[in-house]
Amino acid sequence: MRTRLATCVAIALAVALTVAAAPQAQPPRLVVIIVIDQMRADYIDRYAHQWTGGLKRLVERGAHFTRAAYPYGGTVTCPGHSTISTGTFPASHGMVNNEWVDWKARQVVRCMHDPDAQPVAFGGGTGREFHSPRNMLRPTFADELRRQSRRSRVVSVALKPRSAIALAGRGSPNTIAVWEEDDGTIATSQAYTRTPWPEVDQFVRAHPLAAAYGETWNRVKPPEFYTGVDDAPGEASPERWGRTFPHVLDSRSGKPDNVFVTAWERSPWSDTHVAGLAMTLTEKLKLGTSGATDFLAMSFPATDTVGHEYGPQSHEVQDVLLRVDAHLGRILDLLDRTVGANRYVLALSADHGVAIVPEQAAAAGLDAGRVSSTAIRDAVQETLEKTLGPGTYYGTLLNLQLFLQPGVAATLRSRPDAIAAVKSALLATTGVGQVYWRGELAAPALTTDPFLAAWRLSYVADRTGDFIVIPKPNWLIRSASGTTHGSPYEYDRRVPVILFGAGVRPGRYATAASPADIAPTLASLVGIRMPAAEGRILTEAIVK
């Protein structure tokens, strides 16, 4: 027995020593965040049967959080990308809208506007826009990765400046952030570099936007492959395009002018540009092979630019998703080959969802329609003239945020009767469902009103509007056609959250989740901290 006991102890010690000597799991060499702009969560249930590439692979082999949703109001691009990157909500990171009113400068400013950030253009172009992350109030995942690892490289590619910058965070010698200006110029700003990066410049010169002039967007599959119809009620007919395929990328001028650029932006060619540049930089910079953990981010825009015009049930949106599926397949193949299938981790999400086109919702028997922005303006102006006397009171409406003229909000603070009168007038406007005064958003008292709670997460005193005007469900503050987003309703808040790759346990998870959980979860997998994060670590999907 003594001999057997000694043998067992020896074996146990040997096993213990072997376990102790085993190397610890290495953190991923590359972290990837992919945002599909305006991707509703239900696109997966509705259209996944059409996919064969990267989207299919991520859905089937990743950790898919089926109940993920933004908890705040103001569901638009800048807040969504910033929430994904910082792990915090708009009231903390400060990006409460795509734009807001700066009454000191007496102008509407974009969320990433920075007059001191000189543009740096690629491909011989001339930059005219001024963007930087100066207005962001919280660090991004990329910021913390650079700060805590020091050798990490960051690449962020998007069409919209607010998307690329929100994902990239602050500048550093190891950061590349690239976007497109409104006139088609591919650019960055001196917040990131003083001179064009050679790798980006070469790509832009080899792939000019103008090369797509005259191209025709046709469906990649036969018409019967797509669900629904190609010409549905309420779809838009944007300039040079009709409501049905094909769509030609051209202009009446016969030249690649701004009309052509707009068509290019709302076509799958914009996604192809993002994917191509991101893949080129991944290869040329050898991301994921330096020994430190690198970061790659990209935001695909066409689901948004197309979705606004044609709606979430359109053949156009389905076709864009088919092409994104193919792009992601090529990206995953590239990462498997250059980084290693088990050496990178990827998160996929969206910045917001979108409403069904109101005419289509009405045809399905729902209470739906369009709210007149003119009626909103008149209700506010006429009511305040009656209560405060003659004057100009109405300012502007940016998404669902209504800004009064300078000084009017301060006057209203001592006139609760005037505030109540404005709210009553707005609620009497056809299609308006709820209205909040900024004082309600700033109040510290707890609330059981879910919409008020949501909009408090989107409140920053000098950036949020004076009134929040929320349409009824399936009603939109948008002109005669197309659709939009920005509400606290489920169709705007629910988006995919999928994790994939190193350290991730695949499966479908019905636990509550938010895109704010992405940054702290990725940080946990990499071994860094996100001290400001308000999202949680999705521990149920992490391999222990």
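What follows is a chat about pockets, a disulfide, a strand and some backbone details.

Modeller: Ground rules first: this is a predicted model, so local features need pLDDT of at least 70 and side-chain atom pairs count only at pLDDT 80 or more, while totals for chains, interfaces and linings use all residues. Residues are numbered from 1 along each chain as its sequence is written, and side-chain values use heavy atoms, with hydrogens and water left out.

Biologist: Which residues are the closest to the centre of the largest pocket?

Modeller: A pocket here is an open set of points on a 1 Å grid over the protein atoms alone, where a 1.4 Å probe fits, with protein on both sides within 12 Å along at least five of seven lines; lining residues have an atom within 4 Å of a point. The largest pocket holds about 700 Å³ of space, the volume being the space filled by probe spheres set on the points, which are joined across faces, edges and corners. It has 26 lining residues, and the closest to the centre are N98, K160, R162, D182 and D304.

Biologist: Which helix gives the largest share of that lining?

Modeller: Helices are DSSP runs of H or I with at least four residues, strands are runs of E with at least two, and both are numbered from the N terminus. At least two lining residues come from each of α7 (161-168), α9 (258-265) and α11 (302-310). The largest share, four residues, is from α11.

Biologist: How many charged residues line the largest pocket?

Modeller: Asp, Glu, Lys and Arg count as charged; Ala, Val, Leu, Ile, Met, Phe, Trp, Tyr, Cys and Pro as nonpolar; and the others, Gly among them, as polar. The lining splits into six nonpolar and nine polar residues, and the charged ones number eleven.

Biologist: Which cysteines make the disulfide?

Modeller: A disulfide is a pair of cysteine sulfur atoms within 2.5 Å, and a search of the whole structure finds one. The S to S distance is 2.2 Å, and the pair is C78 and C111.

Biologist: How many residues apart in sequence are the parts that this pair ties together?

Modeller: C78 sits in helix α4 (residues 77-86) and C111 in the loop between β4 and β5 (119-121), so the parts tied together are 33 residues apart.  The S-S torsion is about 105 degrees, so the disulfide is right-handed. To return to your number, the separation is 33 residues.

Biologist: Is strand β6 mostly covered or uncovered?

Modeller: Buried means under 20% relative accessible area, exposed over 50% and partly exposed in between, with a 1.4 Å probe and protein chains only. V154, S156 and A158 point one way from β6 and V155 and V157 the other way, and all are buried. With five of its five residues buried, β6 (residues 154-158) is mostly covered.

Biologist: What is the bridge partner of A158 in β11?

Modeller: Two strands pair if DSSP finds at least two bridges between them. β6 and β11 (residues 294-300) run parallel, joined by five bridges. In β11, A158 is partnered by S299.

Biologist: Does R106 count as buried or exposed?

Modeller: R106 is in the loop between β3 and β4, and has a positive phi of about 55 degrees although it is not a glycine. Its relative accessibility is 61%, so R106 counts as exposed.
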